[in-house]
Amino acid sequence: RIPLTKRQEHWRHLLLAGHGAIGCCWALFAYQTCDACGDTADLLLRGSVLLIALSVIAMTTILLRQAVLYASLPVIFALSLQAAQTNAVDDIALAGIFTTCVAFFTYITGRLYASNLKLLSFQNEKDDLIAELEVAKSMSDEARRRAEEANMAKSRFLASMSHELRTPLNAILGFSEVMAHEVLGPLNNPLYKEYSGDIHRSGQHLLNLINEILDLSRIEAGKYD
């Protein structure tokens with residue numbers, strides 16, 4: 001059963017009351033007899049009209065449970081009363097057939113109502129899944145955007161590091177090499193020459209590390225094998 005609000009419950013009661021009033025009108029029709037038509041024609045006329053009306057009510061009130069009963073109970077009462085008064089086989093048969101049809105249509109409308117509830121439930125689940133997929137897609141797009149921004153920031157950092165570190169290293173390597181080869185004149189202390197060689201080797205090691213980091217960046221960008 002679908003939970004209803006007070007307003008929806010109010011309108012549901014009004015519609016059921018309206019079908020009850022319609023059932024009373026059909027009960028008046030069922031209680032009448034056509035003397036000019038004859039017994040057989042009168043039975044066929046009333047039975048056909050009542051069954052057609054019952055079918056229309058059942059098909060148009062699938063989502064309004066108990067509507068068939070509200071519209072049919074007055075007719076059943078009228079047919080039963082007429083059968084009890086006349087004690088005729090035709091009237092008893094008409095009352096029995098109509099009651100059986102009411103039970104059948106009530107069962108059918110109940111099954112259709114349950115099927116519609118399942119369809120609505122599946123539709124809601126599908127809508128929820130679509131909403132979750134849209135949220136996941138937006139989160140994925142946001143994560144991809146942040147990853148791209150981080151990658152760009154990394155590239156800017158590597159480019160800046162290349163410039164900022166290579167510039168002083170060139171000076172360190174150049175001057176240490178000049179000192180190690182005593183280009184501007186001999187060093188008074190041999191230990192200074194050894195130190196300048198150590199400075200040059202350490203600077204060359206740092207330069208190799210920087211080059212490897214830049215090579216890693218080019219590998220990630222697909223520009224280096």
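Predicted model: local features only at pLDDT ≥ 70, side-chain atom pairs only at ≥ 80, totals over all residues.
## Aromatic pairs

Two aromatic pairs turn up in a search of the whole structure. In one of them, the ring centres of tryptophan 26 and phenylalanine 29 are 5.8 Å apart. Their planes stand at 90 degrees, so this pair is edge-to-face. Planes over 60 degrees apart count as edge-to-face.

Both tryptophan 26 and phenylalanine 29 belong to helix α1, which spans residues 6-31. Tryptophan 26 is partly exposed, at 27% relative accessible area. Phenylalanine 29 is partly exposed too, at 28%.

## Phenylalanine 104 and phenylalanine 105

An aromatic pair is also formed by phenylalanine 104 and phenylalanine 105. Their ring centres lie 5.7 Å apart, with 70 degrees between the planes. This pair is edge-to-face.

Phenylalanine 105 has a value of 14% and is buried, because buried means under 20% relative accessible area.

## A negative surface patch

Which residues form the negative surface patch? They are Glu125, Asp127, Asp128 and Glu132.

One of these residues, glutamate 125, sits in helix α4, which covers residues 89-180. Glutamate 125 is partly exposed, and its relative accessible area is 45%.

Conventions. Residues numbered from 1 in each chain as written. Heavy atoms only, no water. Phe/Tyr/Trp six-rings, centres within 6.5 Å; stacked < 30°, edge-to-face > 60°. Helix = DSSP H or I, 4+ residues; strand = E, 2+ residues; numbered from the N terminus. Buried < 20%, exposed > 50% of the residue type's maximum accessible area, 1.4 Å probe, protein only. Patch = residues over 30% accessible without salt bridge, like charges linked within 9 Å, V, L, I, M, F, W, Y side chains within 5 Å. Areas by Shrake-Rupley, 256 points an atom, 1.4 Å probe, with all protein chains shown as cover. Salt bridge = Lys/Arg side-chain N within 4 Å of Asp/Glu carboxyl O. Lys, Arg positive; Asp, Glu negative; His and termini not counted. Charge placed at Lys NZ, Arg CZ, Asp CG, Glu CD.
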